[in-house]
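Hi,

Here's the structure I promised to send over.

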Amino acid sequence: CSQSTSTDAMSKHTELPFRLDSQLTEVMRLRVQSLQQRSQKRQDGERLLRPNEAVYRLDFSQQSLRFSHWTVRLAQPGRLTITATSQLWTPDLTNLMTRQLLEPAGVFWRGSADATVSCYEADAAEFGERIAELAKVRKVMYFLFAFADGCSPESVDGSITFTVDS
């Protein structure tokens, strides 16, 4: 799904790739494992990482951005749900809480007969605009990628393109 908003053809664009944060993903997996081993429950409102999820990050080199479009490639049929976390989450200091997950999520899928990736376009556009707003106050943002229906981290490649405001 390459969702695009209309932009000036002469504008400068920047494409930012989503990068797997394997260290943070591992820390969150260890949190789940630790709770299970001790037969403890999560904190009230805590959002634990599920087995089909991983943490990705987006690093912003510039802050004045306008959403342009998504580029999501699924090498095989499947479904990818991307959920952003709010600027209040500092993963090195606090557990992820459900209230820190932003809506709407970006949902991208590819059927077995499809060559292209589809998405809920209105949600994807709103999601992209929300990320651009948060980029004004963030250097990095974290996302939960949920893989389903045959989709896996190895079969996904994604980025988001912004128009740079001058």
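Let's start with the rings: the structure holds twelve aromatic pairs (Phe, Tyr and Trp rings, six-membered for Trp, with centres within 6.5 Å; planes under 30 degrees apart count as stacked, over 60 as edge-to-face and the rest as tilted). F67 and W70 make a tilted pair, because their ring centres are 6.2 Å apart and their planes sit at 55 degrees. F67 is buried, at 5% relative accessible area, and W70 is buried too, at 0% (buried is under 20% relative accessible area, exposed over 50%, partly exposed in between, with a 1.4 Å probe and protein chains only). F127 and F143 are edge-to-face, since their centres are 6.3 Å apart and their planes are at 75 degrees. That pair links distant parts of the chain, with F127 in helix 2 and F143 in strand 8, 16 residues apart. Ring pairs also join a cluster, including F18, Y56, F108 and F147.

Before going further, a note on the source: this is a predicted model, where local features need pLDDT of at least 70 and side-chain atom pairs count only at pLDDT 80 or more, while totals for chains, interfaces and linings use all residues. Residues are numbered from 1 along each chain as its sequence is written, and side-chain values use heavy atoms, leaving out hydrogens and water.

Now the inside. The largest nonpolar core has 34 residues, and F60, W70, L80, I131, F143, F145 and I160 touch the most other members (a core is a set of buried Ala, Val, Leu, Ile, Met, Phe, Trp, Tyr and Cys residues joined through side-chain atoms within 4.5 Å). Helix 2 gives the most to this core, with seven residues (helices are DSSP runs of H or I, at least four residues, and strands are runs of E, at least two, numbered from the N terminus). Among the buried residues of helix 2 are A124, F127, I131 and L134.

Two more spots to look at. G106 is in strand 6 (residues 106–110) and counts as buried at 0% relative accessibility. G106 touches L80, T81, I82 and F127, not counting residues up to four places away in sequence (contact means heavy atoms within 4.5 Å). S155 is in the loop between strand 8 and strand 9, yet at 7% relative accessibility S155 counts as buried. The contacts of S155, again leaving out residues up to four places away in sequence, are R73, L74, A75, Q76 and G150.

Cheers
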